[in-house]
Amino acid sequence: MVLGRYFKGDGKMFRKKIDFFTFTLLILAVFCSFILSGCFRKDANEVVSDLSERLEDMKSYTSQGKMTIKTDVSNQVYNIEVWYQKPDNYRVLLKNLKKDVVQILLRNKEGVYVLTPHLKKSFKFKTNWPNASGQIYLYQTIISSIVDDKARKFSALKNEYKFEVNAKYSFNSNLKKQHIILDKKLYPKSVVVFDEENKPVINMEFKKFEEGTNFKNDAFEIKSNMNVFATKLQETFKSKEIVAFIPSYIPLGSQLVDEQNLENKEGNLVLMRFSGKTPFTLTQRYPQFADLNLPHSGELVDLNKTIGVLTKSGKNNVLTWVENDREFEIIGNMDVSNMVKIANSMYFSIDK
């Protein structure tokens with residue numbers, strides 16, 4: 001009877017409670033749908049403001065990803081790992097997946113270095129890298145390219161933000177724009193760089209990004225990085241005959257006129273001379289396994305797949321780089337952008 005009186009006498013009150021509960025659930029459902037549909041996403045100004053603050057406040061991070069360089073001939077794939085520690089410690093590891101060769105770009109309180117562990121070579125530079133010329137696999141470079149481009153295009157997608165900005169690479173004028181996608185935490189997901197014909201040339205996919213990393217004391221020291229990645233190669237290249245590569249790109253109006261196989265105390269080398277409207281020489285050799293720590297006053301040049309060194313010799317520019325087990329050098333009174341095109345075309349060439 002008591003229970004019956006409760007339902008009979010208090011039925012209206014009970015129904016009111018049920019109705020209020022249902023109404024509350026409905027409001028919550030509508031609120032959640034707004035969030036899921038993107039009604040509460042940040043706009044472009046908010047995202048840019050947050051990125052600017054992060055650029056100043058970020059203390060450390062690690063990232064891992066895969067960089068694909070596309071050409072008409074084939075795609076070349078590299079694993080990229082980046083370590084950063086405020087204010088100026090950087091370690092970028094580039095690994096060629098086909099050749100299993102590692103190159104490291106290192107910055108610490110002593111300077112900027114390019115390390116080639118399997119050849120036991122390290123080069124020191126006087127440069128402001130990466131402030132002067134960063135790469136797309138650096139979070140700071142990605143943020144700066146967004147913040148600095150006042151003509152940026154922005155769109156808010158599901159759980160991510162997309163920017164279209166200019167590609168500013170001083171040594172490669174063929175790269176014109178880039179699409180950058182950030183996740184909802186504003187961490188990088190991908191960067192695609194397009195050429196002047198609007199074709200994708202470089203694709204950087206981030207597989208992992210973690211902020212607030214605690215590094216070991218020697219994480220950014222030369223010795224520790226050289227020792228970890230050095231390999232014991234049995235083969236010496238001192239007497240090995242060089243099968244020369246020819247560039248698939250040669251400046252218009254130039255042609256190969258002479259090729260010589262030479263030998264000196266450092267081993268064999270091939271010297272190619274190109275004449276015409278843009279004359280230059282191209283040297284190829286197998287570097288020897290010797291500990292080096294040579295200071296350079298030149299600039300670092302991003303060759304997409306590796307790091308080059310740009311110096312001057314009189315009126316000529318000199319571009320030097322190590323790729324896999326071969327050392328290349330271009331000398332000529334020519335634009336650096338042309339030298340970069342030649343260098344980038346060497347990897348995709350076929351044997352002569």
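## Basis of the model

The model is predicted: local features need pLDDT of at least 70, side-chain atom pairs count only at pLDDT 80 or more, and totals for chains, interfaces and linings use all residues. Residues are numbered from 1 along each chain as its sequence is written, and side-chain values use heavy atoms, with hydrogens and water left out.

Strands here are DSSP runs of E, at least two residues long, and helices are runs of H or I, at least four long; both are numbered from the N terminus. Strand β2 spans residues 75-85. Its side chains alternate. Q76, Y78, I80, V82 and Y84 point to one face and are buried (under 20% relative accessible area; exposed is over 50%, partly exposed in between; 1.4 Å probe, protein chains only).

Two strands pair if DSSP finds at least two bridges between them. Strand β1 (residues 60-70) pairs with β2 in the antiparallel sense, over eleven bridges. Y61 stands opposite Y84 in β2. Strand β3 (residues 89-96) also runs antiparallel to β2, joined by eight bridges. There, N79 stands opposite K95 in β3. β2 and β3 form a hairpin, with three residues between them.

## Aromatic pairs

The structure holds 15 aromatic pairs. Rings of Phe, Tyr and Trp (its six-membered ring) pair if their centres lie within 6.5 Å; planes under 30 degrees apart count as stacked, over 60 as edge-to-face and the rest as tilted. W83 and F215 form a tilted pair, 5.4 Å centre to centre with 35 degrees between the planes. This pair links distant parts of the chain: W83 lies in strand β2, F215 in the loop between β11 (200-211) and α5 (222-229), 132 residues apart. F215 is buried, at 15% relative accessible area.

W321 and F328 form a stacked pair, 5.0 Å centre to centre with 15 degrees between the planes. W321 is buried at 1% relative accessible area. F328 is buried too, at 4%. One aromatic cluster is formed by Y61, Y84, Y90, W129, Y139, Y187 and F209.

## Charges over rings

A charge sits over a ring if NZ of Lys or CZ of Arg is within 6 Å of the ring centre and within 35 degrees of the ring normal. R91 lies over the face of W83, at 3.7 Å from the ring centre. K177 lies over the face of F194, at 5.5 Å from the ring centre.
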